[in-house]
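Trainee: I would like to go through the labels used for this model. Please hold each one against its definition.

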Amino acid sequence: MSPMVSVILPSYKHAKYLPKRIESILGQTYSDFELIIIDDCSPDNSDEVIRRYTHDPRVTYIRNKVNTGTPFSAWRRGSKMARGKYVWICESDDFAELNFLEIGVKALEDSGGVLFYTNSNVVDSDDRVVGNTADYLAGNWNTTRWQTPFCADGMEELRDYQLIGQTVPNMSSALIRRDAFRQSAIRYLLKFKLTGDWLFIGLVMQHGKVVFDPASASNFRQHQNTARIRVKSDRSQAEFILTKYYLHRLLKRSDGQLLPLLHNDIIRHIYEDATDKEVAQAMLRIAPGKTLILGLKLGIQFHQHPEVVKGFKERKKEAKRMCESP
């Protein structure tokens, strides 16, 4: 008999955090799940730590012989192996509250939704709580929307919120229906280091309803070895722009809406160190075809809206003055 939930744990170089991560899964109050651990050839003692838990019949362990360089490879592989109705991605340095699955399964079963997520405590390398994702959500969208539970249409959620930024800041806090997960875990995600989860959640949203619970049922680790800290400015800017463009196309929005959508990204570029050439090269390495099409469309928009271009030029002069001032 298949379990209700397939838990996928992509592991890489987080031996220090693995015991707490794994025990927070195996100790869930809702126990009808399988745990698929995929270690991406970690150079530390992750293999030794993981093997301590393989006696549990719910655990399946796979260790890659060669590092793939991306957790999305494990997402795709794990989702193909998954037998459960729902999939829970557990980042290897995070940990969950023990009632996470109990809350999530009930929410999805009651609503018929495809995506459930909660808030998360933000913790440091020593498990000290230093923040909460509720602050990020309220600050980025300037709304109290995430203070109360809701169930929303996925395409509306994508259009009104996910298009602008990642509304599920911690993937470990999300439970996703397996069919929606598999259809959304596209090969294109393998090209991303920073925003793949943002794009992925946008793809999931097109398949049905989104359910949110404001409870802090997950713990989101922030430390010096996280992907967000390692990614350079040119790569970060490139991924933000390409993610927004992909979701823009998914929503079938008009070309005239591209410039307003990317306005803040262009302003960000003006004030960051990466040059136009460096960002363009980073975009071309990720998605050459989409980059060329986007460049052409933006060129037309710039030609049609010279007042916007003038505003960008003024910002650029201001940024230059700021750099030159003592």
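Trainee: Which residues in helix 8 meet which residues in helix 10?

Mentor: Trp198, Leu199, Gly202 and Leu203 in helix 8 meet Phe240, Thr243, Lys244, Tyr246, Leu247 and Leu250 in helix 10. Contact means heavy atoms within 4.5 Å. The model is predicted, so local features need pLDDT of at least 70, side-chain atom pairs need 80 or more, and totals for chains, interfaces and linings use all residues. Residues are numbered from 1 along each chain as its sequence is written, and side-chain values use heavy atoms, without hydrogens and water.

Trainee: What makes helix 8 roughly parallel to helix 10?

Mentor: Their axes come within 10 Å and cross at roughly 10 degrees. Angles under 35 degrees count as roughly parallel, so helix 8 is roughly parallel to helix 10.

Trainee: How do the residues of that contact divide by class?

Mentor: The contact of helix 8 with helix 10 has 7 nonpolar, 2 polar and 1 charged. Gly counts as polar, and Tyr and Trp as nonpolar.

Trainee: Why is the pair of Phe181 and Phe200 called edge-to-face?

Mentor: Rings pair if their centres lie within 6.5 Å, and planes over 60 degrees apart count as edge-to-face. Phe181 and Phe200 are 4.8 Å centre to centre, with 65 degrees between the planes.

Trainee: What does the pair tie together?

Mentor: Phe181 lies in helix 7 (residues 178-184) and Phe200 in helix 8, so the pair ties together parts 19 residues apart in sequence. By this rule the count comes to 15 aromatic pairs.

Methods:
Axes are lines fitted to C-alpha atoms, for helices over the stretch in contact, and angles run from 0 to 180 degrees between N-to-C directions. Helices (H or I, at least four residues) and strands (E, at least two) are DSSP runs, numbered from the N terminus. Angles under 35 degrees count as roughly parallel, over 145 as roughly antiparallel, 65 to 115 as roughly perpendicular and the rest as oblique. Rings of Phe, Tyr and Trp (its six-membered ring) pair if their centres lie within 6.5 Å; planes under 30 degrees apart count as stacked, over 60 as edge-to-face and the rest as tilted.
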